[in-house]
Amino acid sequence: MTSIQNKLFIDGRFVDAVDEATIDVFNPHDNTLITRVAEARAADVDRAVEAAARAFPKWSATAAAERGRLLLKLADRIEAEADGLARLEAIDTGHPIRDARNIDVMRTAACYRYFGGMADKFQGSVVPVEAGFLNYVQRAPIGVVGQIVPWNFPLMFTSWKLGPALAAGNTVVMKPSEITPLSTLRIAELMAEVGFPEGVVNVVIGYGHTAGQHLAEHPGVGKISFTGSTAVGRRIVDASRGNLKRVQLELGGKGANIVFEDANLAAAVNGSAWAIFHNQGQACIAGSRLIIHERVADEFLDRFTGLAKSIRLGNPLDPQTEMGPLTSTVHRDRVLSYVDIAREQGGEILAGGKPPADPALAAGCYVEPTVVRARPADRVSQEEVFGPFVTVTTFKDDAEALAIANSTEYGLGSGLWTRDLSRAHRMAGAIRAGMVWINSYKRVNPGSPFGGVGQSGYGREMGFEAMHDYTEARSVWVNVDAAIPPHFKR
Ligand code: NAD
C-alpha cells in the first residue's frame with residue numbers, strides 16, 4: 001500500500017511548516033478528511049528555494065546520463081507501484097481508478113522515461129560563422145525553477161514539469177495544488193528512494209495567494225512554469241516582473257470539437273464523449289464545445305445524449321466506475337451554477353444538469369454528464385466551465401464551423417471528425433489552437449508539444465520544445481586561427 005505523506009519536502013527531508021500550519025485534504029467521493037498536510041508560507045518557500053539553489057551547482061554539473069538514469073529508475077519505481085499510486089490519486093482527485101491506473105500512472109511513468117532518455121541526447125549546436133572562428137551554442141540549465149500545478153491531473157502534470165526540468169539540469173521548487181497534494185508528495189518520497197540528491201526537488205504545499213505568489217515573485221527563481229487558470233496566469237506574469245524570470249503558461253481552454261456530415265458517427269459519438277467526460281470534464285483540453293453539421297445533428301445528438309445518460313457514475317475506487325466526483329465541493333457548485341447561466345440565456349438542457357439521484361453519492365461532489373444546446377456567443381459557450389458540461393451548436397458549412405471554433409479567446413485543444421482528407425488538413429491548419437486531433441481527441445505523448453495560443457498561454461511542455469524551454473542558449477566564440485586586424489591602429 002502506498003503511504004500517505006503529509007509534510008513538506010525540503011532539502012531531501014519531510015519537514016513541518018515553519019509555523020506548523022496545516023491544510024485539510026478531503027476525499028471528493030464523500031468529503032471525508034484524508035489527512036492534514038503541512039501548509040507552506042513564505043518562510044517555507046524561502047527555505048525550499050535556498051535548498052534548490054544549494055543543490056544546483058552539483059546537479060547541473062552531474063553527467064546528463066546520470067540525471068537520465070535517475071529519471072529512468074523513477075519511471076520503473078512508479079510502474080512497480082502503479083496500483084498504490086492510482087489509488088492515492090483516485091481518493092485525492094476523484095479520478096476513476098481504471099483511468100488513474102491506466103492513464104495517469106502510465107503516462108506519468110512514460111513521461112519520466114522519455115525525459116530520462118532525453119537527458120543525454122539533447123544537444124547544443126555549432127554555427128557556421130566566419131572563417132577562423134568556432135561558434136558553439138550550449139543549452140545551459142536556467143537554475144532554480146518554480147513549478148505550479150492545478151488540481152485536475154496532479155500526478156501527470158508534475159511529471160510533465162519535473163521530467164524536462166531535471167533532465168536539463170535545473171533544480172526545482174514544486175507547488176502542487178493545495179486541494180490535491182498527495183501524489184506529488186509520494187513522488188518526492190520515491191525520488192529520494194531512487195537516489196535524487198538532496199535539494200534537487202523540493203515540494204511546498206500551500207495556497208496560491210501565499211506560497212504560490214511568493215514563489216512566482218521570488219528573486220532566486222529563474223523560471224516559473226505554471227499550469228492553471230488564465231486569471232492566475234496573468235498574476236504570474238505580474239509577479240515575475242521583479243527579476244524578469246522566464247514564464248511558461250499552460251492556461252484554460254474551451255476546446256472546439258467539430259463533427260462534419262461525412263464523419264464516422266459511431267466513432268465521433270464515442271470519441272466526443274471521451275473528449276468531454278474523461279476526468280469529469282476537468283481538463284484544459286476538454287472538447288467542451290460540440291459543433292455539429294446540421295445534417296447529422298439530430299442523429300448524432302440522439303446517440304450522444306443516450307451515451308451521456310448511460311455513463312456509470314460512482315465511487316472512484318470501484319473498477320466499474322466511468323465517471324467520479326468533481327474534485328471539490330466549491331468546484332461542483334461552480335459547475336452547477338453554469339447550468340443556471342445556460343437556462344437564463346435560453347439554453348436547453350439535453351442531458352444532466354444536476355447531481356445524480358443515487359443516495360450513495362449524495363455526500364460527494366458528483367454532477368451528471370451534462371449536454372446543453374446553446375448559441376456560440378452565450379456565456380456557457382465562451383467561458384471555461386471545467387466540468388462534465390458540453391455545449392452543442394450546429395453549422396451549415398466549413399466556413400461557419402471554423403468561425404464558431406475560433407470565436408473564443410482560448411486556443412488550446414481542438415478536434416475534428418471527417419473522412420475527407422483535404423478538409424481535415426485544411427481545417428487543422430486554420431483552427432486557432434495549439435493542438436488539433438483528427439478523428440480522435442485528447443491524444444497526449446511525451447514527445448509531442450503540448451500548449452496553447454491566445455488566452456490559453458504560451459510556451460510548450462513535452463518533447464524537445466520543453467527541453468528548449470528549460471534551458472538558455474549560451475553562445476561561445478573561439479578564435480581558432482583568425483587574424484583580426486587591430487581596430488585601433490597604434
Ligand atoms: P488555479 O489557477 O486557481 O490554480 C492553479 C495553481 O496556481 C494552484 O496550485 C494554485 O494554488 C496556484 N495559484 C493560485 N493563485 C496563485 C497566485 N496568485 N500565485 C501563484 N500561484 C497561484 O487553477 P485551478 O482551479 O487549480 O485549475 C483549473 C484551471 O487550470 C483551469 O482553468 C484549467 O483550464 C487550467 N488548466 C490548464 C492546463 C493546461 O495545460 N493548459 C491543464 C490543466 C488545467
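# Strand pairing and the ligand site

Thr391 in strand S16 is the bridge partner of Val372. This is a predicted model, in which local features need pLDDT of at least 70 and side-chain atom pairs count only at pLDDT 80 or more, while totals for chains, interfaces and linings use all residues. Residues are numbered from 1 along each chain as its sequence is written, and side-chain values use heavy atoms, with hydrogens and water left out. Strands (E, at least two residues) and helices (H or I, at least four) are DSSP runs numbered from the N terminus; two strands pair if DSSP finds at least two bridges between them.

- S15 (residues 370-373) pairs with S14 (residues 348-351) through three bridges, in the antiparallel sense.
- Within that pairing, Val371 of S15 faces Ala351.
- S15 also runs parallel to S16 (residues 389-395), with four bridges between them.

- S5 (residues 125-127) and S6 (residues 133-141) are antiparallel and joined by three bridges.
- Val137 in S6 stands opposite Ser125.
- Five residues lie between the strands of this hairpin, where Gly132 has a positive phi near 95°.
- S6 is joined to S20 (residues 471-479) by nine bridges, again running antiparallel.
- Asn479 in S20 is the residue opposite Phe133.

**Ligand surroundings**

- The ligand is surrounded by 28 residues, counted when a heavy atom lies within 4 Å of the ligand.
- The closest are Glu178, Ser229, Leu251, Cys284 and Glu384.
- This shell holds 14 nonpolar, nine polar and five charged residues, where Ala, Val, Leu, Ile, Met, Phe, Trp, Tyr, Cys and Pro count as nonpolar, Asp, Glu, Lys and Arg as charged, and the others, Gly among them, as polar.

**Ligand contacts and pocket**

- Leu251 places a backbone N or O atom 2.6 Å from a nitrogen atom of the ligand.
- A backbone N or O atom of Gly228 is 3.3 Å from a ligand oxygen atom.
- For Gly208, a polar backbone atom is 3.3 Å from an oxygen atom of the ligand.
- On its own the ligand has 840 Å² of accessible area (Shrake-Rupley method, 1.4 Å probe), and the protein covers 90% of this area.
- The largest pocket holds the ligand; a pocket is an open set of points on a 1 Å grid over the protein atoms alone, with protein on both sides within 12 Å along at least five of seven lines, and a molecule sits in it if more than half of its atoms lie within 2 Å of its grid points.
- Helix H7 (208-217), strand S10 (223-227) and helix H8 (230-239) are the elements that each give two or more residues to the shell around the ligand.

Notes. A polar contact is a pair of N or O atoms within 3.5 Å; within protein, one must be able to donate a hydrogen and the other to accept it, and residues adjacent in sequence count only if both atoms are side-chain atoms. On a 1 Å grid over the protein atoms alone, a cavity is a set of points where a 1.4 Å probe fits but cannot get out, and a pocket is an open set with protein on both sides within 12 Å along at least five of seven lines; lining residues have an atom within 4 Å of a point.
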